[in-house]
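Trainee: I am new to this structure. Could you take me through one part of it closely, please?

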Amino acid sequence: MTNWNEKSLQELILNILEPKLKYANMNISDIGHNDDLLAIGVVDSFDVVEVLTELEHKTGITADMEGETDDDFTVSVEWFSNVFLRAA
């Protein structure tokens with residue numbers, strides 16, 4: 001099992017998001033790790049579930065979604081990495 005850190009997880013997340021970015025006419029360099037991916041149109045709610053599932057499959061880590069039920073969070077590259085780092 002690979003030891004995942006913030007940087008390696010974020011690189012994996014960006015690779016997973018790359019087709020969605022292209023569909024939104026964006027490049028990886030166009031987004032910051034804290035950008036709201038829902039607000040800028042890179043993902044929708046179904047895509048969030050798809051990305052989480054792919055991350056779980058590729059990392060072997062089950063996402064730690066505890067505390068993520070509030071309406072006040074931003075779906076970002078950093079958010080994705082945090083829900084996996086908490087569980088690792």
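Mentor: Helices here are DSSP runs of H or I with at least four residues, numbered from the N terminus. This is a predicted model, where local features need pLDDT of at least 70 and side-chain atom pairs count only at pLDDT 80 or more, while totals for chains, interfaces and linings use all residues. Residues are numbered from 1 along each chain as its sequence is written, and side-chain values use heavy atoms, with hydrogens and water left out.

Helix H3 spans residues 77-85, and its buried residues are Val77, Trp79, Phe80, Ser81, Val83 and Phe84. Buried means under 20% relative accessible area, exposed over 50%, and partly exposed in between (1.4 Å probe, protein chains only).

Now look at the salt bridges, each a side-chain nitrogen of Lys or Arg within 4 Å of a carboxyl oxygen of Asp or Glu. The whole structure has four of them. In one, aspartate 47 meets lysine 20, with the closest N and O atoms 3.3 Å apart. Aspartate 47 belongs to helix H2 and lysine 20 to helix H1, so this pair ties together parts 27 residues apart in sequence. Lysine 20 also forms a salt bridge with glutamate 50, where the closest N and O atoms are 2.8 Å apart. Glutamate 50 lies in helix H2, so that pair joins parts 30 residues apart in sequence. Lysine 20 is buried, at 14% relative accessible area, whereas glutamate 50 is partly exposed, at 42%. Together, Lys20, Asp47 and Glu50 form a linked network of salt bridges.

Technical notes. Helices (H or I, at least four residues) and strands (E, at least two) are DSSP runs, numbered from the N terminus.
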